[in-house]
Amino acid sequence: MVFHKEFQTAGKEPGLQVWRVEKMDLKPVLKQLHGNFFTGDCYVLLYTTAAPSYYIHMWLGSESSQDEKGAAAIFTTQLDDFLGGGPVQFREVQSNESLTFLGYFKSGIKYKQGGVASGFQHVVTNDMNVKRLLHIKGRRAIRATEVDMSWSSFNRGDCFIIDLGKDIFQWCGSECNSFERLKASQVAIDVRDNERNGRATLLMVEEGGEPQALGPKPNIPAGSPDDESVDRSNQKKGALYMVKICSLASVVAQTSPFKQEMLSPSECYILDNGVDSKIFIWKGPSANTAERNAAMKAAEQFIKEKKYPRHTQVQVLPGGGETTLFKQFFCNWKDKDQTTGPGQAYSLGRIARVVQVPFDSSGLHTNKTMAAQHGMVDDGSGKVQVWRVEDGDQVPVDPSSYGQFYGGDCYLVLYSYRLGGREQHIIYTWQGLKCTQDELAASAFLTVRLDDSMRGSPVQVRVTQGQEPAHLMSLFKGNPMVIHLGGTSRKGGQSRVGSTRLFHIRQSSTRATRAVEVEPSAAFLNTNDVFVLKSTNTVFLWRGVGATEEELAAAQYVTSFLGGGSATEVSEGKEPAGFWSALGGKKEYQTSRSLQKMVKPPRLFGCSNKTGRLIVNFNQSDLATDDVMLLDTWDQIFLWIGNEANEVERTGSAKIAKDYVDSDPSGRRGIAITTIKQGMEPPTFTGWFQAWDPKLWETDPLERIRVLWDLMIVCNITSCFLKGDPRNVPYSQNAYFSQMLCTNLFISLLVSISPLPR
């Protein structure tokens, strides 16, 4: 196959490459103009990671022609073939771009009117006669759209860039927020430096303080709602279709969650999440070339048949290159190289990789990545206090019974430890599956009361029976955490237990063990673990082939309080008839020695009652202080509450987390939810963020931005004094460096404090 000459350098180095479709040909766009898009054109973009892995985006302007769209599709297919068919492909439509796409442009994207057919070109210009108005929209992911140069285009809720060539005004409406101001500053600097070569003056204008040069101002209307709100109810609605060339798509499954085995490697599929304006195409690695190359066309035809909006986003995924958003619709997704066992690494295909750090309790306070991956703030040697919820109050539990949890109860566990010379606290609220609604409500109330009594300093972790995090399991002085299926520990309230009981003992990656009572059936056995079976007359200790010595020791502890005499140890495969009889007969059970635990990249969500957004590759600056943020690490959920979050978001955060889990297409239920307040983050949370800075929020970012604006004004005055007007060429080297120094300082500030999309 003959490839376009522009592709000879494609994917050779990490980073972004952009081409524009011009008269059915492909032309590169200069790097300094990346993020500028003419509404009458189509573009092809390639993002290459260091791995390398590849992301191809086909961007379609709202005023582009069918011929240009067709050419963009052909070039996209060619580029995919050139890179071996491995890239993930995206179909992007103007004003409805994916977050992945928006994340490439830290200064946002700008829509320019016109296109190549109208004679508009991508050039770096020194033209000082420009007159245009840019509307800055988007609370997190920013878009700058060229609108009519008229006061009627303004509103009080947004920021605007008034570009007059020599002077660039940043106008901020009275109702815009601090993040929009910061983003607008980035756009203004980008225009000045990349489109005017630094030869323009930046001026910040507040609503009501407009200079006479802008003309008389009428009444400005209020702003419209942000355009990033997400209907979370749609996220769990998906259907799966098999697609063939020249035939209608056939239904594989009407609703999610799906099973991975539904995808045949020799076929292509459409995962329809159209109600959320998303379509996924999955290309089996053994599918024929014609079907693979026709994937994008099949998606567009599907969108027409379903009468979905034209802006519906499309992702084309090769087998082995599935994204997190795609895999979330499958309840049992496992990537090719996933294995388990302490010290093993989990490979997450070609797109993302999480390297598992071996657990070492001595390094918990210094290795935050290990602390986060294993859910351990320390080794569990701190102070433990346990209360049972009883009659609407908290009743102390006898320390000799610590570690025993009954399904008919709720418990509060307060753990205190020292970190960095400060005393830290965690409140675990454990809720049994058979407790009453009154006890559930009381446990929540008592948690808040305990938190308030400690001035809001503890981290709160809500735990549902059977979903206990590793750190909670480690608090009981080397003994396993024991979970009774039902019953209660309150005095005189114990119900009669069954004559036959089965406990499942498993060790976590942190070497803490948990003994969980399950239904007495052979179907619950697992070759990797140890089980204790108590029948009317005998106690059996069953050891699976893959069980550890630590699990065996924990089982001995369980037999000590069950009673019934000494236990009879039974090895897998050598069970006596009485063992199977007590379990109601032989049944199939888990016999694979590779547990295949699912490990997925962590995801960060903004959970404001105004907006919703997803960030897969995130850092600390993505934690918006005026939001509630949800961090999903698959095994547990963190709710991070910013200091400036409004009262509705604060009080509704627990419901946000519950609704998120309930709407998960993979079917997860009951996982631990940890609530964290800004400034009180434990290492189990901060370890998911690279280079966490505990002092990041100590200074008001807007105060720093005002100081830097003042500094830039001084620099401009200085440069004018040194050599006349700095916009004239040439001007003195001292003046140039004075201006550029301030610009670089300002840009560094923006990068350090602004939650950039990734």
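**Reading strands, a cavity and salt bridges**

Me: How many bridges join β7 to strand β9 (residues 143-147)?

Reply: There are 3 bridges between β7 and β9, and the strands run parallel. Keep in mind that this is a predicted model.

Me: Which way does strand β3 (residues 36-38) run relative to β7, parallel or antiparallel?

Reply: β3 and β7 run parallel, joined by 3 bridges. Here F38 has K112 of β7 as its bridge partner.

Me: Are the residues on the two faces of β7 (residues 109-112) buried or exposed?

Reply: Start with the general idea. In a regular strand, side chains alternate between the two faces of the sheet. Now the case. I109 and Y111 lie on one side of β7, K110 and K112 on the other, and all four are buried. Both faces are therefore covered, as buried means under 20% relative accessible area.

Me: What kinds of residue make up the lining of the largest cavity, and which domains supply at least three each?

Reply: The lining has 8 nonpolar residues, 5 polar and no charged. Domain 4 (364-480) and domain 6 (595-687) each give at least three residues. By strand, β22 (422-431), β23 (459-464) and β33 (636-641) each provide at least two.

Me: Now charges. How many salt bridges does the structure hold?

Reply: Side chains of opposite charge can pair when their charged atoms come close. The count here is 16. One of them joins R388 to E390, with the closest N and O atoms 2.8 Å apart. R388 counts as buried because its relative accessibility is 7%.

Me: Where in the chain do R449 and D393 lie?

Reply: R449 forms a salt bridge with D393, closest N and O atoms 3.0 Å apart. R449 sits in helix α8 (residues 437-453) and D393 in strand β19 (residues 393-396), so this pair links distant parts of the chain, 56 residues apart. R449 is partly exposed at 38% relative accessible area, and D393 is partly exposed at 36%.

Me: Which residue meets E468 in a salt bridge?

Reply: R514 does, at 2.6 Å, N to O. E468 lies in the loop between β23 and α9 (470-473), and R514 in strand β26 (residues 513-518), 46 residues apart. E468 is buried, at 6% relative accessible area.

Me: Which residues are linked in a network of salt bridges?

Reply: R20, E22 and D41 form such a network.

Note on methods
Residues are numbered from 1 along each chain as its sequence is written. This is a predicted model: local features need pLDDT of at least 70, side-chain atom pairs count only at pLDDT 80 or more; totals for chains, interfaces and linings use all residues. Side-chain values use heavy atoms; hydrogens and water are left out. Ala, Val, Leu, Ile, Met, Phe, Trp, Tyr, Cys and Pro count as nonpolar, Asp, Glu, Lys and Arg as charged, and the others, Gly among them, as polar. Domain bounds come from an automatic or database domain assignment. Buried means under 20% relative accessible area, exposed over 50%, partly exposed in between (1.4 Å probe, protein chains only). Two strands pair if DSSP finds at least two bridges between them. A salt bridge is a side-chain nitrogen of Lys or Arg within 4 Å of a carboxyl oxygen of Asp or Glu.
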